[in-house]
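User: I would like to go through the labels on this structure one by one. For each, please set the value against the cut-off.

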Amino acid sequence: MVESILKIFWKDLGAYLHEDEYFTYSQHIRELVGYVDEIIATGERNEGAWEPFFEYGRAYGHRLATRGLQLEIMLEMGNMFRESILNHVFHNHQLKLHEQDAFGKILYISAKINTYMNKIVLGFHRAEQEVAEQAIAARSHQVLNHLPFSIVVYDKEGRLQFANSVALDPTGLSYDQVIGKTRSELKQMFSRSSEPENIWRKVMNGERIRWRANVPSKVNDLEQVDKEMIPLFDETGEVDGSMTILYSPVTEKERLYNLHKQFSFVLNSMNSGLLILNQDFSLTAYNKKAEEIFGLAAEQVLGTSLLDLYNRYTGKDMSESKLNSAMKRGLPIRDLEYKIEINGRSLTIRIDGNPIKNTQGQPVGYILIIDDQTELLAMREAMMRNEKFALIGQFAAGIAHEIRNPLTTVFGFLQLFASKSVQPDNFHDLTVKLLIPELDRANTILSDFLMVSRPQAPQRQSVCTETFLADVLRLVESEANLRGVMLEVEVPDDLPRLNLDVQQMKQVFLNLCKNAFDVTPPGGTLMLRVKVENQAVVFEVIDEGPGILAEDLSHIFEPFYTTKEHGTGLGLPISHRIIEGHGGMLTVRSTEGVGTTFAIGIPFAQ
């Protein structure tokens, strides 16, 4: 089966991997399947052993992304791989499915394969992110190199980190010749350049300094410029470098013109769409990325009201929207998401914005930042579908196994009866003692499964907490007596009322107490403790059993996960769902050799 998987994958990956790379990948897949076989055979779970597989998967996803493989093809191959692994487990190990923890192993393997595929997708996304980061860095250098003034950046040690082409041209030196040079080395290379005393110390203390200086020029021996050193800060607010800018002395008109050109260039270099609106919400600026997102040229929209544009291209009224309301009130906008149809295209966009205010603090316009989320949301939906398919496979495997046992018993009895191996006198007793209990067990499993997969909404009503607790105690006292377990109760006075579905909550307590009875030895103690914390009533069920193994503790609320020989693994997931439906929390603490505490927190009735 492994070889058939590899043949299918080679058909899809042959265009993206070299033959030696595919040979290495094939070996990796064989080792992965071999480790899955080892887990099924031995039952040993070594979390650390998965890490090399996860790391290879991440690197593999990264490599394929750099070769141009589409994410959709990657996800389809992931589904095929997961199904192939599960089919391999079922077909090659079907004789071992009757072991006590067989389906615990299957669920464990299914979860790990799902994690493996997610690592591949993460590697894929990391490659895309690196490409984007490289593009941003290249674009940043491009922007800085096209600015009409000199920019030089130093780190906090005074080593040159960047110099744009305008700064380098008068020196006749290349970027590689100056990068990494210290300020003292650069001063020796350009001894005629001067600067005020102690300027570096002042800038490293966070001070911004501007002065007029003479610098080398290609045209004249020296050229007078305005020079400014600006401290650069890291995320903690500490100075970690500086930026030096040289301006040629210009008239105010020239300065404004240059600022406008620089402003336009920066706007059109952004990776997000940008719209600038005046007080009437008419567009006064609209960058290249916005043209790309909406498919509308600047000349089609500039000077037009945003409300009119929205109505014209979508056929909808924007006047009552959150966006319009926020802009009218001069409020910031954060993470507003809209689905729009424009020029026959379906888009999901995210909008952020801030008001433009005058010196009196009054709004005179608005800036909107637009990000196209369409492709990102499609990727997220594909990953969610991926996880849902894995969960469906886990549920199906668990149900098939749990129902097979009672059906096998019923089928065997009917075969014996058909062959007249069962005496008519024994038919009634066997039906009562064998058939009906087994069919009841199958019915219980199906009912519990439906409760987990499609829980009923609780029919809550205000109840007296003391009365409810007394009813629960009556239900569990007889079981405690039969098992020889001491039942201790700690309840404070004047408990607040709770909104409960009484029958559902009784089911939770019966599930937890039954589990506690199963692990508490005769003569041991089961404690029910009630306390009030943080506007909630907390019920604790505390046993003196052997505790829950650390490797099992994180899985106990997963459907069909059980350590009991005849357990279904549905009691705790059902209880968890019921508590969530009541707006509460079900938590567990356990120490090996000491015991386990389940805590149910239910908020006060409002």
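Analyst: Start with Asp471 and Arg474, whose side chains meet in a salt bridge at 2.1 Å, N to O. This is a predicted model: local features need pLDDT of at least 70, side-chain atom pairs count only at pLDDT 80 or more, and totals for chains, interfaces and linings use all residues. Residues are numbered from 1 along each chain as its sequence is written, and side-chain values use heavy atoms, with hydrogens and water left out.

User: What makes the contact between Asp471 and Arg474 a salt bridge?

Analyst: The term needs a side-chain nitrogen of Lys or Arg within 4 Å of a carboxyl oxygen of Asp or Glu. Asp471 and Arg474 meet at 2.1 Å, N to O, so the pair qualifies. Both residues lie in helix α17 (residues 465-483), three residues apart, about one turn of the helix. Helices here are DSSP runs (H or I, at least four residues), as strands are (E, at least two), numbered from the N terminus.

User: Why does Arg474 count as exposed?

Analyst: Buried means under 20% relative accessible area, exposed over 50%, and partly exposed in between (1.4 Å probe, protein chains only). Arg474 has 54% relative accessibility, so it counts as exposed. Asp471 has 22%, so it counts as partly exposed.

User: How do you know that Glu47 and Lys112 form a salt bridge?

Analyst: Their closest N and O atoms are 2.5 Å apart. That pair links distant parts of the chain: Glu47 is in helix α3 and Lys112 in helix α5 (residues 102-146), 65 residues apart. Lys112 is buried, because its relative accessible area is 15%. Glu47 has 40%, so it is partly exposed.

User: Which residues are linked with Lys531 and Glu533 in a network of salt bridges?

Analyst: Glu490, Arg529, Glu540 and Arg589 are linked with them. Lys531 and Glu533 themselves meet at 3.6 Å, N to O. Lys531 is partly exposed at 26% relative accessible area, and Glu533 is partly exposed at 37%. The structure holds 16 salt bridges.

User: How many aromatic pairs are there, and why is the one between Tyr35 and Phe53 called stacked?

Analyst: There are eight aromatic pairs. Tyr35 and Phe53 have ring centres 5.9 Å apart and planes at 25°, so the pair is stacked. The rule covers rings of Phe, Tyr and Trp (its six-membered ring): centres lie within 6.5 Å, and planes under 30 degrees apart count as stacked, over 60 as edge-to-face and the rest as tilted. Tyr35 lies in helix α2 (residues 19-42) and Phe53 in helix α3 (residues 47-66), so the pair ties together parts 18 residues apart in sequence. Both Tyr35 and Phe53 are buried. Ring pairs also link Tyr35, Trp50, Phe53 and Phe54 into a cluster.

User: What makes Tyr154 and Trp200 edge-to-face?

Analyst: The planes of Tyr154 and Trp200 are at 80°, with 6.1 Å centre to centre. Tyr154 lies in strand β1 (residues 150-155) and Trp200 in helix α9 (residues 199-204), so the pair ties together parts 46 residues apart in sequence. Tyr154 counts as buried because its relative accessibility is 11%.

User: How do you know that the charged end of Arg183 sits over the ring of Tyr154?

Analyst: The charged end of Arg183 is 5.6 Å from the ring centre of Tyr154. The term requires NZ of Lys or CZ of Arg within 6 Å of the ring centre and within 35 degrees of the ring normal.
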